[in-house]
Amino acid sequence: MRTPRFIAFVCTAAVAASLTACSGATRPQQGTGAGADYTVSPTSPAAKGPLSSFTWSLYAEPYTLDYALAYDYPPNTVLANVCEQLLRVTPDLRIEPGLAVKWARPDPRTLVYTLRSGVRFHDGAVMTADDVVASLKRQMDPATASPWGSAFKTVESIEKTGPLEVTIRLGKADALFHELLAASPGTVVSAASLAKEGKDYGTPKGKLNCTGPYALEKWAQGDSITLKKHTGYWDEKLAPKSESVRFTFIEDAAARANAFLSGTVDGGYMVPSSSFDRLRTSGKGSLLFGPNTAAADLAVTNFKGALGDVRVRRALSMALDRKNIVKAAAGGVGVPAKAPAARGAWALVPEKTAAFYDTLPEPVHDVVAAKKLVEEAGATGRPVTIATSSMAPEISVVAHAVQAAGRQIGLDVRLKPVSPDAYGNIFVDPAARDGLDLVITNGYDNTPDPLEFYQYLRTGDFGNYGNWSDAEYDLAFDRANTEYDPAKRAELTAEVQKIALRELPSIPVYEAPYSVFLGKRITGAPTGISQLYYPWAATIGAAQS
């Protein structure tokens with residue numbers, strides 16, 4: 001199920017003034033979903049041998065392979081193996097050094113990154129500070145139109161201060177910026193290749209020149225993407241076990257399941273929940289669940305219609321039967337969401353998680369009270385349009401549940417079918433949101449900090465799909481984001497969360513673990529959502545020696 005933004009990467013140690021890497025592992029946990037029996041663990045069993053190749057299924061073809069425009073699961077799933085960031089997110093959800101071997105914060109507005117020496121791009125050229133400066137500055141250029149541009153909102157300058165040193169100066173303290181360099185904003189590519197490829201960069205016509213364990217060999221538009229092993233990869237611990245990887249695009253959920261079962265593809269992330277039972281009992285491979293910090297939410301995309309009245313938003317939230325939605329949309333693997341940002345996003349300071357998330361009340365399900373709110377708002381009979389798509393069964397299930405709930409309380413909820421490709425455009429093209437009041441998102445952070453999710457609800461942010469604006473919220477967010485102490489920032493983030501829950505610009509629905517299917521001949525894949533920024537394909541090898 002598509003939907004951009006937000007993957008909260010869990011850390012148990014703070015990125016404080018010293019900017020040391022986060023530490024702490026995610027341990028296997030037994031699931032407690034609606035009658036489901038499942039275990040959440042960050043990795044599958046280790047590979048026992050090499051492979052010549054394996055085939056991986058994506059639920060949609062990437063709309064780009066340009067790191068500056070990649071804002072969704074399909075492109076990032078591919079790019080995670082090709083291009084790398086200054087920092088790296090690990091399968092057990094830590095942030096560690098990546099292309100930057102160390103960093104320092106000499107003052108609250110200055111970041112200094114020391115780059116790893118001897119790193120080579122796929123064409124053999126050595127990575128330098130010039131490549132880093134060009135890569136990061138490109139995301140700030142309005143001509144790039146990067147959805148990640150807002151991550152650089154406080155950046156005043158990015159300069160080469162040594163052959164392997166880059167200094168970034170901020171206009172004001174920004175606790176999230178450094179953490180975001182473990183995600184797309186921190187990606188480093190060859191400056192020479194950017195200049196050479198021009199408008200073809202990141203398209204099927206262009207080439208990529210990065211530092212990851214795999215290089216792009218071919219993008220056959222509409223058919224497949226093939227990666228080949230990068231023999232000069234710098235990190236011996238992640239030397240690829242397979243010579244090549246072939247990605248195929250299968251939009252239909254039933255067809256994806258059949259491809260898993262037939263062995264046409266060896267594996268894939270974000271497995272359709274409608275096929276969980278078939279895959280579990282097939283004997284054709286393993287259905288595994290990993291750490292996921294995403295929550296399925298209803299993002300309000302139009303505040304000029306019926307949902308512009310907070311009473312109507314609250315009423316719709318109260319009308320949702322979340323427990324049954326978990327059963328139908330998530331195969332019973334999950335729980336009702338208490339807030340727009342998932343519980344996993346609160347693990348930066350784990351001792352605060354219970355106080356700031358677990359103690360939140362369970363979502364209220366009260367159709368009678370919800371109907372009264374709609375009547376008080378004078379919204380009875382008013383239309384509300386929600387996008388639905390065949391891209392994933394979950395989207396259709398949730399959309400129909402919203403329609404049923406809305407009609408119970410007097411709203412005229414209408415479904416607008418959208419193709420898988422067009423559904424993805426809703427999150428990157430404001431024009432694609434015309435005529436929509438709601439869209440189902442799978443909201444995830446890109447940092448080990450719950451504040452990062454709430455960044456996307458600020459006035460004017462790219463991820464603020466409905467252009468919601470609340471001065472109290474913006475002030476609370478800015479107060480939290482200038483606090484570098486993680487424990488104090490967690491307390492301030494709880495105030496931001498309180499406003500978001502009161503105003504509901506994004507309505508929480510449910511949380512579910514990440515899913516992956518591995519056919520019988522492969523193993524070694526990380527199971528969790530870290531795969532979007534970690535070279536997961538490099539760890540996949542043969543299940544038998």
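Buried residues are those under 20% relative accessible area. The model described here is predicted. By that cut-off, helix α7, which spans residues 310-319, is mostly covered. Eight of its 10 residues are buried. The buried set of α7 comprises Val 310, Val 312, Arg 313, Ala 315, Leu 316, Ser 317, Met 318 and Ala 319.

Helix α5 covers residues 253-262. Its buried residues are Ala 253, Arg 256, Ala 257, Ala 259, Phe 260 and Leu 261. The elements covering these residues include three strands, namely β3 (54-58), β15 (267-269) and β23 (514-519). Helices α6 (276-280) and α11 (393-408) are also among the covering elements. Both ends of α5 show local features. At its start, Asp 252 places a side-chain oxygen within 3.2 Å of the backbone nitrogen of Ala 254. Just after the helix, Gly 263 adopts a positive phi of about 85°.

A helix pair was examined next. Two packed helices are described by the angle between their axes and the distance between the axes. For helix α9 (residues 350-358) and helix α15 (residues 486-503), the axes come within 10 Å. They cross at roughly 10°. Angles under 35 degrees count as roughly parallel, so α9 is roughly parallel to α15. On the α9 side, the contact involves Lys 352, Phe 356 and Tyr 357. On the α15 side, Ala 487, Ala 490, Glu 491, Ala 494 and Gln 497 take part. By class, five of the residues in this contact are nonpolar, one is polar and two are charged.

The model contains one disulfide. This bond links Cys 83 to Cys 210, with an S to S distance of 2.1 Å. The angle about the S-S bond is 55°, and the link is right-handed. Cys 83 lies in the loop between α1 (73-79) and β4 (84-85). Cys 210 lies in the loop between α4 (191-197) and β12 (214-220). The pair therefore ties together parts that are 127 residues apart in sequence. Both Cys 83 and Cys 210 are buried.

Two further residues were considered individually. Ser 224 belongs to strand β13 (residues 224-229). Its relative accessible area is 5%, so Ser 224 is buried. The side chain of Ser 224 makes a polar contact with the side chain of Asp 223 at 2.9 Å. Neighbours within four places in sequence aside, Ser 224 is in contact with Lys 218 and Trp 219, as well as with Arg 246, Phe 247 and Phe 249.

Asn 464 sits in the loop between α13 (451-455) and α14 (471-481). Asn 464 counts as buried because its relative accessibility is 3%. With neighbours within four places in sequence left aside, Asn 464 is in contact with Tyr 456, Leu 457, Arg 458 and Thr 459. The side chain of Asn 464 reaches the backbone oxygen of Leu 457 at 3.4 Å. Asn 464 can also be placed relative to Thr 301, which is 163 residues away along the chain. The C-alpha atoms of Asn 464 and Thr 301 are separated by 8.3 Å.

Conventions
Residues numbered from 1 in each chain as written. Predicted model: local features only at pLDDT ≥ 70, side-chain atom pairs only at ≥ 80, totals over all residues. Heavy atoms only, no water. Axes fitted to C-alpha atoms, helices over the stretch in contact; angles between N-to-C directions. Helix = DSSP H or I, 4+ residues; strand = E, 2+ residues; numbered from the N terminus. Parallel < 35°, antiparallel > 145°, perpendicular 65-115°, else oblique. Contact = heavy atoms within 4.5 Å. Nonpolar A, V, L, I, M, F, W, Y, C, P; charged D, E, K, R; others polar. Buried < 20%, exposed > 50% of the residue type's maximum accessible area, 1.4 Å probe, protein only. Polar contact = N/O pair within 3.5 Å; in protein donor to acceptor, adjacent residues only side chain to side chain. Disulfide = S-S within 2.5 Å.
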